[in-house]
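Please look through the sequence and the model below before reading on.

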Amino acid sequence: MASLASQTGAQLEERLPDTPPAEGQTLLKWVDPPVLTYTIPEDRRGDLSSCANDFEYDLLSVAATCWPVLEALKLYTRADYAFNEPTGDKLENMRATIGYANATLELIGKPEYPLEEFLRSKALERKLGAHEKLGQWEAALATSKDWLETLRGDLMRGDDFSRAFAHTRHGDALLRLGRSQDARDDLEVAIKLFDGIDGDKVGWPLSNYSENVIKDALRKGDLDYAEHTIDRYLEFVREEPRGLRFGIHDHLDLKLYLVAARGDREQALALIEERMERRSNRPQRCSGLGVLFPAVLAPLRRDKDVTAALKAHGCGEEDFAQMENAANRGLRGFKDELILPYREATKDSEDAKGSQR
């Protein structure tokens with residue numbers, strides 16, 4: 001039976017056509033996924049023996065022989081294609097995504113089989129993305145909560161990586177709605193995933209979550225909470241193998257933002273060296289190290305030792321101009337959006353007083 005299912009499942013694999021799509025042709029029409037026209041004969045739909053499979057990579061094989069999973073997969077496929085559709089009205093595509101996702105969820109109801117639960121999770125993920133793109137943050141919050149609850153289900157094996165992403169999206173919705181404390185509380189739940197069996201895999205999403213909450217706290221002037229959260233994250237990732245240190249440079253930048261605002265030249269110099277040393281396998285150029293660096297050092301832009309350290313690592317006139325601009329207009333992103341306000345140093349180091357670059 002497993003061999004037959006695998007062979008049949010291969011028939012459902014998507015293959016891109018040899019010819020490009022016609023003008024205005026939708027992605028769905030161009031690819032024409034085989035799963036949408038595939039069916040299981042009525043006399044075989046009562047055979048649910050393959051439905052107990054809980055391995056997501058066997059989804060097509062299971063769908064080929066398990067009627068409930070096949071029907072849910074057909075609807076989810078339409079939601080997935082609508083979400084990724086490059087033609088037509090982008091907003092209308094998102095509304096179609098939500099419609100197909102809701103149909104998937106309604107069809108599945110309370111999942112009876114593991115891959116139904118998996119498809120429920122995927123449908124919620126797509127629905128959440130559509131609400132985000134439409135700016136519907138209350139709906140996004142409700143959907144992210146549903147997604148988190150689905151990921152805690154007991155039919156599929158636990159997936160901390162997916163949970164970390166779901167927490168991050170949930171927190172983003174909370175922050176968009178101005179619910180900072182709720183986002184902080186949820187981060188406390190999410191950060192415990194570092195201690196789980198897949199703790200070495202969750203740095204990517206949790207680094208973004210931590211940064212978002214920290215920046216929100218900095219904008220609100222809650223510097224103590226921000227620094228505690230920065231230090232905790234750096235403690236988590238400083239000892240990780242190099243490839244798993246997600247977000248370490250961004251968190252070092254946020255630490256530098258606080259240190260520079262305190263006028264703490266010595267700690268700033270130490271953090272600059274740590275930041276550059278952690279990029280020792282890359283060209284030691286100042287620009288391109290992140291949207292906040294070296295602008296975060298604007299309060300110390302006239303400190304001769306800080307200036308010398310930056311020059312030693314390849315910082316040039318454009319980088320120092322970025323620091324000057326941050327002092328005048330705040331720290332801004334690639335689209336000139338304000339990320340963090342400028343905070344003048346609360347005290348000057350002796351060498352910084354009156355010194356010029």
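**Salt bridges and helix packing**

Glu324 has a relative accessible area of 28%, so this residue counts as partly exposed, a class that lies between buried (under 20% relative accessible area) and exposed (over 50%), computed with a 1.4 Å probe on protein chains only. Arg302 is also partly exposed, because its relative accessibility is 32%. The side chains of Glu324 and Arg302 meet in a salt bridge with an N to O distance of 3.5 Å, where a salt bridge is defined as a side-chain nitrogen of Lys or Arg within 4 Å of a carboxyl oxygen of Asp or Glu. Because Glu324 belongs to helix 15 (residues 317–329) and Arg302 to the loop between helix 13 and helix 14, this pair ties together parts that are 22 residues apart in sequence.

This is a predicted model, in which local features need pLDDT of at least 70 and side-chain atom pairs count only at pLDDT 80 or more, while totals for chains, interfaces and linings use all residues. Residues are numbered from 1 along each chain as its sequence is written, and side-chain values use heavy atoms, with hydrogens and water left out.

The protein chain has 15 helices and 2 strands, where helices (H or I, at least four residues) and strands (E, at least two) are DSSP runs numbered from the N terminus. Of the 357 residues in the protein chain, 50% are buried. Among contacts (heavy atoms within 4.5 Å) between residues at least 6 apart in sequence, 65% join residues at least 24 apart.

The count of salt bridges comes to 23. In one of them, Asp303 pairs with Arg265, and the closest N and O atoms are 3.9 Å apart. Asp303 lies in the loop between helix 13 (265–277) and helix 14 (304–312), whereas Arg265 lies in helix 13, so that the pair links distant parts of the chain, 38 residues apart. Asp303 counts as buried because its relative accessible area is 0%, and Arg265 is buried with a relative accessible area of 13%. Another salt bridge joins Glu132 and Arg169, with 2.8 Å between the closest N and O atoms. Here Glu132 sits in helix 6 (residues 114–133) and Arg169 in helix 8 (residues 160–176), 37 residues apart, and both Glu132 and Arg169 are buried. Salt bridges also link Glu227, Asp231, Lys255 and Arg262 in a network.

Helix 8 leads on to the packing of helices. How do helix 8 and helix 10 pack, and at what angle? Helix 8 and helix 10 (residues 203–219) pack at an angle of about 20 degrees, with their axes 8 Å apart, where axes are lines fitted to C-alpha atoms, for helices over the stretch in contact, and angles run from 0 to 180 degrees between N-to-C directions. Helix 8 is therefore roughly parallel to helix 10, since angles under 35 degrees count as roughly parallel and those over 145 as roughly antiparallel. The residues that meet include Phe161 and Phe165 in helix 8, and Trp204 and Leu206 in helix 10.

The axes of helix 7 (residues 137–151) and helix 8 come within 9 Å and cross at roughly 155 degrees, so helix 7 is roughly antiparallel to helix 8. Among the residues making this contact are Trp137 and Leu141 of helix 7, together with Phe165 and Arg169 of helix 8.

Definitions and conventions
Parallel < 35°, antiparallel > 145°, perpendicular 65-115°, else oblique.
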